[in-house]
Amino acid sequence: MTRLNAVRGPILHFIANPSQCAEDVESSYQYFSDGMLVLDKGRIAACGEAGSLLAKYQLEGIELEIESYPDKLIMPGFIDTHTHYPQTDVIGSYGAQLLDWLQTYTFPMELRFADAALANEVANFFCDELLRNGTTSAMVFATVHPTSVDAIFEAANARNMRLMAGKVMMDRHAPAELCDTAETSYEQSRELILKWHDKDRLSYAITPRFAPTSTEQQLEAAGKLFAEFEGVYLQSHVAENLDEVAWVKELFPWSRSYLGVYDHYGLLGERAIYAHCIYLDQQDHQRMAETGTAMSFCPTSNLFLGSGLFDMNAAQAAGIRVGMATDVGGGTSFSMLQTLNEAYKVLQLNGQSLSPFQAFYQATLGSAESLRMDDKVGNFEVGKEADFIVIDLAATPLIKRRMEHANNLKEQLFALMMLGDDRNIEAAYVMGECRYHR
């Protein structure tokens with residue numbers, strides 16, 4: 001008799017962007033109060049009401065080995081679209097804005113990643129911490145050292161995680177020991193692409209840190225790589241901080257805007273994603289939409305570093321794909337729940353709102369769409385990779401009490417994103433295998 005694994009309990013996943021279903025938000029998601037996920041070789045074989053699926057498989061003579069989570073919530077794994085694994089050990093460091101943060105904390109820490117043993121230790125901790133917080137996929141910055149890229153890819157591959165990462169390209173305005181050259185950054189990145197891109201569930205991301213730390217020759221080399229290798233990603237930062245924006249204007253006086261620098265060197269496109277995107281104008285938004293370039297919304301770091309307030313309404317109006325991001329270690333938590341908490345507050349301060357449905361869409365399918373991997377992960381469509389999490393809605397006495405007064409799913413989700421953290425993650429599954437259990 002054929003035998004398949006299944007997971008049973010309340011299930012929620014998104015099938016569309018709630019902001020595009022304003023008149024019928026319920027059409028953007030599927031919720032089964034007694035649902036079932038059926039798994040076949042690490043992929044979704046079926047998702048629906050438990051009763052009807054049990055009857056179907058019984059008729060077909062297929063035995064289901066069922067793991068039950070009756071009082072929990074099963075969702076797709078969270079997807080973090082921008083984070084820095086080498087900054088794990090400086091998370092929560094006091095008192096700096098962006099440019100000071102780089103000099104005071106980031107660069108001194110990244111110097112240590114020339115040590116392969118240290119890089120491996122941090123990479124393994126980082127991947128475990130992602131899973132402990134319910135994040136099953138991420139786009140990650142390494143350092144300028146190729147060994148740091150090997151370390152994060154090896155750690156992710158050992159856990160079968162879907163992960164994108166790349167070597168930082170940086171040839172000026174940083175400590176000499178952290179600088180490469182336009183030529184070496186091209187050659188080392190190329191070697192790493194050939195070694196890691198499309199290996200199992202791994203993808204390479206060309207990674208110029210940000211325009212001020214790359215010469216024009218290096219940005220040109222990054223653009224050459226992006227054009228040369230089909231399917232690779234590109235990740236960087238743009239318009240995070242007003243002093244940073246002014247610095248870019250000094251360094252690239254010929255460019256209309258900060259984003260225009262990247263555009264000039266061919267660094268926009270459907271697999272390019274830029275973190276922050278706070279100080280962009282309407283022309284920048286239009287150009288991102290035209291090229292299919294995505295944004296990473298990094299609320300905890302934007303607040304912690306005093307950078308500014310993201311404009312979600314403008315991004316949505318322009319038709320730009322937006323993913324959620326923790327931006328560790330300027331970001332202050334690995335938890336996507338805490339990140340959604342801060343996202344709500346950022347938008348409140350900006351005269352906007354973030355519904356709980358929009359929030360959880362952004363952290364799952366929305367982030368998958370921004371990374372152009374929604375054909376693989378992000379929801380429970382049949383055939384997709386079975387990355388999912390089990391959320392405990394009574395993980396703390398306060399959350400348990402608050403849930404008792406939630407009248408519907410919307411209220412439950414909002415309480416979860418405002419009060420939740422790593423303690424709410426009961427389990428995390430990667431390709432159908434449990435990789436973390438509390």
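Two strands count as paired if DSSP finds at least two bridges between them. Helices (H or I, at least four residues) and strands (E, at least two) are DSSP runs, numbered from the N terminus. This is a predicted model: local features need pLDDT of at least 70, side-chain atom pairs count only at pLDDT 80 or more, and totals for chains, interfaces and linings use all residues. Residues are numbered from 1 along each chain as its sequence is written, and side-chain values use heavy atoms, with hydrogens and water left out.

**View A. Strand β12 and its partners.** β11 (residues 233-238) pairs with β12 in the parallel sense over 5 bridges. β12 and β13 (residues 294-297) run parallel, joined by 3 bridges. In β12 (residues 272-276), 5 of the 5 residues are buried, so the strand is largely enclosed by the rest of the structure. Buried means under 20% relative accessible area, exposed over 50%, partly exposed in between (1.4 Å probe, protein chains only).

**View B. Helix α2 and its kink.** A kink of about 30° lies at Y105, shortly before P108. The bend is the angle between axes fitted to the seven residues ending at a residue and the seven starting there. Buried residues of α2 include W101, L102 and F107. The buried residues pack against α7 (242-251) and α10 (299-304).

View C. The whole structure holds 0 disulfides, a disulfide being a pair of cysteine sulfur atoms within 2.5 Å. For C47, the nearest cysteine sulfur is that of C21, 18 Å away. For C434, the nearest is that of C127, 16 Å away. C434 is partly exposed, at 38% relative accessibility.

Terms used. Contact = heavy atoms within 4.5 Å.
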